[in-house]
Amino acid sequence: MADDAFAKGTGETLKKCYRISEITHLIRTMLEGEFQDITIEGEISNFRPSSTGHYYFSLKDNEAVISVVMFKSRLAFLSFTPADGMLVRAMGSISVYPKRGNYQLICESMIQAGAGAILAMLEKRKQALAAQGLFDSSRKKPLPLFPSKVAVVSSPTGAALRDILRVLRRRHSGINLVILPSPVQGDEAAACISEQIRIANLHNLAEVLIVGRGGGSLEDLLPFYEENVVRAIAASDIPVISAVGHETDITLSDLAADVRAPTPSAAAEMVSASREDLSVRVEKAAGAILSNINQRLEKIHLLLQHFLPDNLERTFRMYIQPLLLRFDDAKESLILSFDFHIREKKHRLDLVHNALIAGSPLSILKRGYAVVTQVKTGKALTSPEPVANGERLHIRLSEGILDATAVKGEKTT
C-alpha cells in the first residue's frame, strides 16, 4: 500500500527495488555462468604473494585492469615466477566477490606471453657478458663522497629526472647537475644512451654519472639490457649509478654499473649526502669508537687487576695449593709405606732373634741342662762310653763351671 501511494504521489510507475545482495547474486550468476574457462592476456602489476601462499595480482592493458587470484594448490603447475611487468596469459574463470562488490579472475594456470623468448635471450646475453667479466665486483669503482658535478642520462621529460631534481632541491646539496637527454625506450634508445655515456667520459662532464628511468614493462626496459649500453657503462671512467625501474627490476645495466640504486630518487640520495647526515654519522662513528676504546680499556684494567700483588699471591696459591696437597699426600703415603715396611722387618727380626735365643746353648743351660766335657780331650760328652772311672770332667752350667770325677753307673736306655 505504501509503495502504491508513493507511486501515485510521484505519478511514476513503481519499478522493482533490489537489495544489494540480490543484484550481486544476479551479476555473479551471469558472470560466472558466462565466463568459464577463459584466457586473458595482460601485463602483471601489483604482484603480492600472501603469507598463506596464494598469489594476488592484477592484469592490465592500456585501458583496463582486472584483479586475479591464483591459489596455492595451482602454483605447482607454474613454470616461472611471476613478477610485475611480465606479459602473461592466464586461464581460469570469472568470479564475483560479494563482500567487496568486485569481480576477479580465479586463475587455474598461466603461461608467459611473448616475454618467454625475450627472457631466454636476455639470460643468454647475461651469461655471455658475465663470462667476459663485465659484472665482476673487482672492477667496480667507489663513489666520491662529495661530488660537485653529477650527470644524468635519462629522458628530459621523464619521471626519473623529476624525482632526481626533487631530491636534490630538498637536500640543498649545491650539486651542479648536467642533463644528457636520451630516449629511454624504443629502438633508438640504447644507441643514444651509450653515446651519451661516451660523451660524458670524453669531456669529463661529471664526477658521478646516473643512468636511469622509471619503471615499466620488460619491453620498456629492454634498452638497459642492450649489449652496447652494458659495455658503455662497464668502460666508463666516471663511476656509474644505474637507477632503472622499480626496486624489483634488475637489468644488465644494474649489474655492470659501479652501484645499483633501487630507484632514481635513491640515486639522487646517494650523490647528495647532506652535511647534517654526515655530521650525525661522524658523531655516531666517534661515539662507537670511544665506546670501543673504553670497553677495551676497561677490559685491560680488569686484566691488570689480576697482576696486583694480592691477586698474584692468591693466584699463585690457587696453582700451588693442589701441588702442595699432592706433595703432602705423597709424603704421607711414603711415611706410611716406610713405617709398614720397618714394622714388618722388625717383626721378622724379632722372630729370628727369638728363634736364635731359643736355640742358643745358654738358653738351654738356663733351663737346668749342662754341658759335660772331658778335661783331657776338651770334647763334649754325649755318651759315657769314652769316660773311664776317676777321669776328670768339666761340667758347664748356666752360671758357672764344676770340676768332677767320673764314676760309671748303669747305662740308661
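Helix α5 has 14 residues, which at 1.5 Å a residue should span 20 Å, and the 20 Å between its end C-alpha atoms agrees with that. This and every other value below comes from a predicted model.

The buried residues of α5 are Ala-189, Ala-190, Ile-193, Ser-194, Gln-196, Ile-197 and Ala-200. They lie on the same side of α5, because the arc they cover around the axis is only 155°. An α-helix has 3.6 residues a turn, so residues three or four places apart point the same way. The elements that the buried residues of α5 pack against are β6, β7 (176-181), β8 and α7. Just after α5 comes Asn-204, with a positive phi of about 50°.

**The nonpolar cores**

The largest nonpolar core has 31 residues, and the members that touch the most others are Ile-197, Leu-209 and Val-211. At least two residues of this core come from each of α3 (115-131), β6 (149-154), α5 (189-202), β8 (208-213), α6 (218-221), α7 (227-235), β9 (240-244) and α8 (252-256). Helix α7 gives the largest share, 5 residues.

Which residues does Leu-209 touch, not counting residues up to four places away in sequence? They are Ala-151, Val-153, Leu-180, Ile-197, Ala-200, Ile-238, Pro-239, Val-240 and Ile-241. Two of these, Ile-197 and Ala-200, are among the buried residues of α5.

Another core, of 20 residues, lies apart from the largest one; Ile-38, Phe-47, Leu-78 and Val-88 are among its members.

The structure holds 2 aromatic pairs. They are set out here.

| Pair | Geometry | Centre to centre | Between the planes |
|---|---|---|---|
| Phe-47 and Tyr-55 | edge-to-face | 4.9 Å | 75° |
| Phe-47 and Phe-57 | tilted | 6.0 Å | 45° |

Phe-47 belongs to strand β1 (residues 38-49) and Phe-57 to strand β2 (residues 55-60), so the pair they form links distant parts of the chain, 10 residues apart. Through these ring pairs Phe-47, Tyr-55 and Phe-57 are linked into a cluster. Tyr-55 has a relative accessible area of 16% and is therefore buried, under the cut-off of 20%. Phe-57 is buried too, with a relative accessible area of 2%.

Strand β2 also contains Ser-58. Its relative accessibility is 13%, so Ser-58 counts as buried. Leaving out residues up to four places away in sequence, Ser-58 touches Glu-43, Ile-44, Ser-45, Val-65, Ile-66 and Ser-67.

Most residues other than glycine have a negative phi. Asp-37 is not a glycine, yet has a positive phi of about 55°. Asp-37 is found in the loop between α2 (20-34) and β1. With a relative accessible area of 70%, Asp-37 is exposed.

Asn-46, another residue that is not glycine, has a positive phi near 55°. Asn-46 is found in strand β1. Is Asn-46 buried, partly exposed or exposed? At 46% relative accessibility, Asn-46 counts as partly exposed.

**Helix α4**

Helix α4 (residues 159-171) has 13 residues, which should span 18 Å at 1.5 Å a residue; the end C-alpha atoms are 19 Å apart, which agrees. The buried residues of α4 are Ala-160, Leu-161, Ile-164, Val-167, Leu-168 and Arg-171. Because they cover an arc of only 130° around the axis, they are on the same side of α4. Arg-162 and Arg-169, on the other side of α4, are exposed.

Helix α11 (residues 309-359) consists of 51 residues, and the distance from its first C-alpha to its last is 71 Å, close to the 75 Å expected at 1.5 Å a residue. At Ile-320, α11 bends by about 35°, and a proline, Pro-322, follows within four residues.

Helix α12 (residues 361-366) contains Pro-361. Pro-361 counts as exposed, at 53% relative accessibility. Between Pro-361 and Ile-38 there are 138 Å in space, C-alpha to C-alpha, and the two are 323 residues apart in sequence. Ile-38 is one of the residues of the 20-residue core that lies apart from the largest one.

Methods:
Residues are numbered from 1 along each chain as its sequence is written. This is a predicted model: local features need pLDDT of at least 70, side-chain atom pairs count only at pLDDT 80 or more; totals for chains, interfaces and linings use all residues. Side-chain values use heavy atoms; hydrogens and water are left out. A nonpolar core is a set of buried Ala, Val, Leu, Ile, Met, Phe, Trp, Tyr and Cys residues joined through side-chain atoms within 4.5 Å. Buried means under 20% relative accessible area, exposed over 50%, partly exposed in between (1.4 Å probe, protein chains only). Contact means heavy atoms within 4.5 Å. The expected span of a helix is 1.5 Å times one less than its number of residues. The arc is that of the directions from the helix axis to the C-beta atoms. The bend at a residue is the angle between axes fitted to the seven residues ending there and the seven starting there. Rings of Phe, Tyr and Trp (its six-membered ring) pair if their centres lie within 6.5 Å; planes under 30 degrees apart count as stacked, over 60 as edge-to-face and the rest as tilted.
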